[in-house]
Amino acid sequence: MTLDLTSTTSSRVAWAFLEARRVAGSPAMGMVLTLVIVADEDDCEYALSAATHAAREHPPRVLALISAPGSAEARLDASVSVGGTAGPGETAVLRLHGELARHPESVVAPLLLPDAPVVVWWPGAAPATPATDPVGVLGHRRITDAALEPDPIGALRERAMRFSPGDTDLAWTRLTPWRSMLAAALDSPPPADIVAASVGAEAGNPSAELLVHWLANRLKVPVNRTDTAGPGLTEARLTLANRTGDIALTRPDGVLAMLSVPGRPDRSVALKRRDTWELIAEELRRLDPDDTYANTLATLDSS
Amino acid sequence: MTEMADLVIGYQNPLRDPADRRLPRIAGPCGLVIFGVTGDLARRKLMPAVYDLANRGLLPPSFALVGFARRDWAEQDFAQVVHDAVKEHARTPFRDEVWKQLSEGFRFVPGEFDDDAAFDRLRQTVEELDQSRGTVGNHAFYLSVPPKFFPHVVAQLKQHGLATSKPGAWRRVVVEKPFGHDLASARELNRMVDAVFPPGSVFRIDHYLGKETVQNILALRFANEMYEPIWNRGYVDHVQITMAEDIGIGGRAGYYDGIGAARDVLQNHLLQLLALTAMEEPVSFHAHDLRLEKIKALSAVRLPADLATGTARGQYEAGWQGGEFVHGFLEEDGISPISTTETYAAVRLEVDTRRWAGVPFYLRTGKRLGRRVTEIAVVFHRAPHLPFTATATEELGQNALVMRIQPDEGVTVRFGSKVPGTAMEVRDVTMDFTYGKSFTESSPEAYERLLLDVLLGDPPLFPGHEEVELSWQIVDPITGFWASGGKPEQYPAGTWGPDSADEMLARDDRGWRRP
């Protein structure tokens, strides 16, 4: 059910959550986290649908904050949904008008689930330093997406410079299938030492930048980057010593990749680019700081 | 991470880092050979699980799936069968690219289990896959066939050189329950399999142990501080472990007649749940340590002194269940009208340890019961003193912690709470934690987890042969006693079993929960 409240306050929104639960007849809550989405009107719908999908794995309370600073009067409008389209969790879309748009934390703080982790997600433009943002500071985990910034790689460098544990970026999440396939390819020793590596991707692709620095950090070999027509990442290549050949993972079409290892038959690998909800679900799976991401960013920052 | 990495001394995968927890466990290059690939289990569970694993990116690109069955199929016919099974039963969406990756590794070998030529073809197929797919000699054989064929298949695997691989590669064999039908046959089965495969290569699948909620018993007990202090005779009055099915025997008459509920369910699922509930904390979750504790718990199980009053058995009779009329067991197709096979079994066990002395464990399982449910209920003593008037607590029962295994997975706590109003009145309420329905749809199916563990060579969730033999030592005297005389009591379909089961608890001044 959905309750619409205009010119309201956080405590009335909290009451609406309780009321909706009570009417639904299930007063016990199985929610595991609060997901705060900071978006504008345009991004909100897509972000909410991704959150609802991801909620199947991690039932959250979703608070979508939409700022409408243009209007004169400071006012909070809310739309609270429990069950049905909200999925297993519950959702409040909170519209902040006028002066209130500058104080979103005052609306969010009273609505956080007691004692449960808080994840803040900016599905569009993110603040320069997520960890010190008034809403970001409430989060244990802060999700940004460099790919949506006007200058993705510049944004990534910015993030690296101002990194705090708990920051994460969907450009990094998108890499997981690539990283796991490359790691699996090296589970058995390669036929010769790896002496260099290269990553091919669309120009400006931030995930490729992270892959370059992850490989450099882990393999301690020079890694270069080449621009290709895309889509997204198209190849990762580990060059072996003594002209043995390359271990290569190539994906020209964004869907099906080919893994080749010298001395082994070439094999197809499904490496489809994932939907946003899948990325969010992966992010919500672990809420502790991601050390590997931190190390990769540190390598990027020092390059 | 994987065996391959362990085998080459000194090699460490530079891309793996224990701190990097996003990277999933992917099995190394390997193949899976399924015997009995036309069977129900293979179509409904195994093939979909293989696809789901591939879809989650957990199978190696070189993975190969070989079907072996008595069918005159070409490779593409087999691929079509897998395709249909996946479309119908897989839990994750069908994706063409995943299918392409998988289907390149499909092979089919037609033949009978006593057909030497067929096993020669199987060996050639496996060797061809090592070359063309890069499975590098690693293969698991899944015996999804009736137990009477186990000896044939295992002997053929040995005779045709399929049971051993070149150095550095592995061969594994997977057997499904039932692991024998009594202690002697279980020992015989173990002896036969162990003669061909080394002990670490034999995986006995009890799919219950792959369920998320069963693994959650371990998390609930050993990751929390608040339960362990009360997990003993000082606080626990008794434990009830229930696995109820609402279905009858369906088309399984041939298997079920002569086997019965005690051998089919109690010996494996219920005793495993008992072991997980009663065991001490393992020093680690490595297979060896976990098994050690389960073995200790099972070896401490004591049967009732009088099996006549400490056990109950029944057969469902015709009746109305959930709005439809169903036949009784003795009227089912393929069942003798004088069959004494039980469809309901209950037993009162004790666990002779300091922790559990005097705490009965009531186990029950049956077909055509009130509803489909599996749960473990830990029922606590009443509070030693109630500072209320007797009328205030008239409706207060005993506190209980219920671990719901299926279908509504979660945890329930039952406790007393004041009834709103001006009078002081305390009544039982329940507090439920639920793994949401959708949550469990996207969480891995038991067979996915178990298949992956076989390919990774990670055995904690598989019962070892000592556990199997100990379980038979518990069940054999019961089935022996039942066979010595009398016959199962009839209970109407859709009820909670025979009166003798209720009387068994009533003698202890207790009653079954309605789950």
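Author: Let us begin with strand E6 of chain B, residues 202–205, where B:Val202 and B:Arg204 point one way and B:Phe203 and B:Ile205 the other way, and all are buried (a residue is buried if 20 or more other C-beta atoms, placed from the backbone, lie within 10 Å of its own, exposed if 12 or fewer, and partly exposed in between). In a regular strand the side chains alternate between the two faces of the sheet. Strands here are DSSP runs of type E with at least two residues, helices are runs of H or I with at least four, and both are numbered from the N terminus. This is a predicted model, in which local features need pLDDT of at least 70 and side-chain atom pairs count only at pLDDT 80 or more, while totals for chains, interfaces and linings use all residues. Residues are numbered from 1 along each chain as its sequence is written, and chains are lettered from A and ligands numbered from 1 in the order in which they are written.

E6(B) runs parallel to strand E5 of chain B, residues 171–176, and four bridges join them (two strands pair if DSSP finds at least two bridges between them). One place to look is B:Glu176, whose bridge partner in E6(B) is B:Ile205.

Elsewhere in chain B, helix H10 (residues 260–278) and helix H11 (residues 287–299) have axes that come within 9 Å and cross at roughly 105°; axes are lines fitted to C-alpha atoms, for helices over the stretch in contact, and angles run from 0 to 180 degrees between N-to-C directions. H10(B) and H11(B) are therefore roughly perpendicular to each other, the word for 65 to 115 degrees, whereas angles under 35 count as roughly parallel, over 145 as roughly antiparallel and the rest as oblique. On H10(B) the contact is made by B:Leu271, B:Ala275 and B:Ala278, and on H11(B) by B:Lys294, B:Ala297 and B:Leu298 (two residues are in contact if their C-beta atoms, placed from the backbone, lie within 7 Å).

Strand E2 of chain A, residues 33–39, pairs with E3(A) in the parallel sense over seven bridges, and A:Ala64 in E3(A) is the bridge partner of A:Ile37. The chain goes from E2(A) to E3(A) through helix H2 of chain A, residues 41–54, in a right-handed β-α-β crossover. E3(A) is also joined by eight bridges to strand E5 of chain A, residues 90–97, again running parallel. An open sheet of eight strands holds them in the order E1-E4-E5-E3-E2-E6-E7-E8 (chain A), with mixed pairing.

Finally, the two chains meet: 33 residues of chain A are in contact with 40 residues of chain B, and the largest share of the side of chain A that touches chain B, seven residues, comes from H6(A).

Conventions. A crossover is right-handed if, with the strands pointing away from the viewer, the path from the first strand over the helix to the second runs clockwise.
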